[in-house]
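Hello,

Here is the structure I promised to pass on.

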Amino acid sequence: MMNPQRATAAGNGASAAPRPLRVAYIVSRFPKVTETFVLFEMQAMERLGVQVEFFPLLRERETVMHPEAARWMQRAHYMPFVSLPILWAQLWFLARSPRRYMGMWLEVLRRTFGSANFFVGALGTVPKSVRFAYEMRRLGIEHVHAHFASHPTVAAFVIRRLTGIPYSFTAHGADLHVDRHMLREKMREAAFSVPISEYNRRLMLAACDEDLADRTHIVHCGVDVGVFLPRAADRAPAPRFQMLCVARFETAKGHRYLIEACRILAAGGWDFDCHLIGDGPRRQDIAAQVATADLGARLHLHGARTRAEVVQWMAKADVVVLPSTPMPSGRREGIPVVLMEAMASELPVVSTATSGIPELVEDGVSGLLVAPEDPIALAAALERLMASPDLRQAFGRAGRARVARDFDLYRNAAELAALFTSRGTKPTPADANALGVPV
């Protein structure tokens with residue numbers, strides 16, 4: 001695997017000390033308590049010796065924040081939608097290459113036309129992205145990586161068109177599944193694209209061009225197997241079976257089917273607690289459903305929690321359940337990181353056979369997968385695990401081995417860093433020289 005630190009030539013031709021690769025990360029919003037994969041991937045990159053500059057499109061206002069996010073907020077290049085520096089950047093690029101600047105605007109608006117989300121989003125994102133381009137040129141950024149195939153990748157596209165700095169992007173879930181306007185152009189312009197699953201890779205190539213296959217590389221999100229550890233063997237058993245669901249309260253997470261499954265289990269005489277960690281637009285609806293089903297003594301809503309707190313909750317759990325469901329809009333999961341965290345913690349998981357989930361959870365080996373929107377099957381899977389401590393233990397061991405092999409945070413970050421170095425760190429000379437960007 002290639003080292004992300006690169007040697008520079010000394011004046012006499014001898015090798016000097018390696019210098020760090022300079023990479024800019026672009027995300028939609030930061031900090032987001034549900035997007036640990038971005039936060040901890042950036043930290044892993046720095047541990048690998050990559051110099052990371054951070055450009056969120058928006059500052060998110062959340063009541064719960066991972067402590068590790070604080071220093072990234074301090075160093076993030078936050079910008080308003082309109083400011084004098086943003087206006088100056090437009091004039092700077094327009095004066096030096098009017099055809100390039102106007103051509104970029106025309107291409108973005110033409111390719112996003114027909115999508116209210118992308119077209120209106122471009123009107124707000126592009127001016128800010130032009131300022132990003134100005135700053136990245138000044139900082140000597142060698143590669144741009146965007147998380148999500150939506151607005152962050154539009155920003156990376158703009159930067160590439162203006163400066164020649166190559167980019168890549170990671171495609172996760174709803175950013176890819178719901179609206180694919182401009183996807184072909186984003187993939188063609190990118191040095192490489194990173195689907196997080198084979199499911200996403202197939203979808204991207206089918207929607208665009210098979211000739212991009214050699215520039216489409218699966219790199220899974222990962223978790224720190226040194227943080228998510230098997231619980232202590234001598235842990236005193238809880239008086240009741242403990243279920244845990246860690247997910248944002250939105251329809252695609254399938255909470256309603258979990259609550260109905262719990263009602264079925266309670267009616268069957270099973271004794272359990274089910275803990276729901278998370279927040280979101282459907283929290284009140286879920287609380288109302290719990291009350292209607294008379295499950296208030298068994299289902300507990302705890303709100304959003306930090307990673308450290310989730311680790312503690314998993315140490316108390318017997319199973320982690322996530323009944324994800326595809327939405328009519330096309331919205332669906334990528335590969336949920338919480339399932340990786342649970343498996344790394346040597347917990348059995350119950351989820352649904354949708355999107356990329358079967359690429360993580362092997363049904364009958366590391367967990368149980370049921371059809372989406374089927375609370376009866378979900379209840380049966382949970383009942384099977386409640387009845388068999390040996391099966392839970394076997395699934396847990398297999399799950400941790402699977403995550404350690406293919407979903408390890410640092411191993412996968414190193415794979416992505418190697419792609420930055422090998423596939424995307426040299427601007428095209430014609431593009432770069434037009435604006436005086438070093439090649």
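**The second largest pocket**

Lining the second largest pocket are 19 residues, and Arg-231, Arg-235, Asp-318, Arg-392 and Gln-393 lie nearest its centre. A pocket here is an open set of points on a 1 Å grid over the protein atoms alone, where a 1.4 Å probe fits, with protein on both sides within 12 Å along at least five of seven lines; lining residues have an atom within 4 Å of a point. Before you read on, please note that this is a predicted model: local features need pLDDT of at least 70 and side-chain atom pairs count only at pLDDT 80 or more, while totals for chains, interfaces and linings use all residues. Residues are numbered from 1 along each chain as its sequence is written, and side-chain values use heavy atoms, with hydrogens and water left out.

The volume of this second largest pocket is about 520 Å³, taken as the space filled by probe spheres set on the grid points, which are joined across faces, edges and corners. Helix H15 (residues 389–406) gives the largest share of the lining, 4 residues. Helices are DSSP runs of H or I with at least four residues, strands are runs of E with at least two, and both are numbered from the N terminus. Sorted by class, the lining has 10 nonpolar, 2 polar and 7 charged residues. Nonpolar covers Ala, Val, Leu, Ile, Met, Phe, Trp, Tyr, Cys and Pro, charged covers Asp, Glu, Lys and Arg, and the others, Gly among them, are polar.

**Aromatic rings**

There are 8 aromatic pairs in the structure (ring centres of Phe, Tyr or the six-membered ring of Trp within 6.5 Å; planes under 30 degrees apart are stacked, over 60 edge-to-face, the rest tilted). One of them is edge-to-face, because the rings of Phe-30 and Phe-54 have centres 4.7 Å apart and planes at 90°. Phe-30 belongs to strand E3 (residues 22–30) and Phe-54 to strand E4 (residues 51–59), so this pair ties together parts 24 residues apart in sequence. Phe-30 is buried at 4% relative accessible area (buried means under 20%, with a 1.4 Å probe and protein chains only), and Phe-54 is buried at 1%. Phe-30, Phe-54 and Trp-72 form one aromatic cluster.

**Charges over rings**

The charged end of Lys-128 sits over the ring of Phe-81, 4.2 Å from its centre (NZ of Lys or CZ of Arg within 6 Å of the ring centre and within 35 degrees of the ring normal). Arg-298 lies over the face of Phe-272, 5.0 Å from the ring centre.

Best wishes

Methods. Buried < 20%, exposed > 50% of the residue type's maximum accessible area, 1.4 Å probe, protein only.
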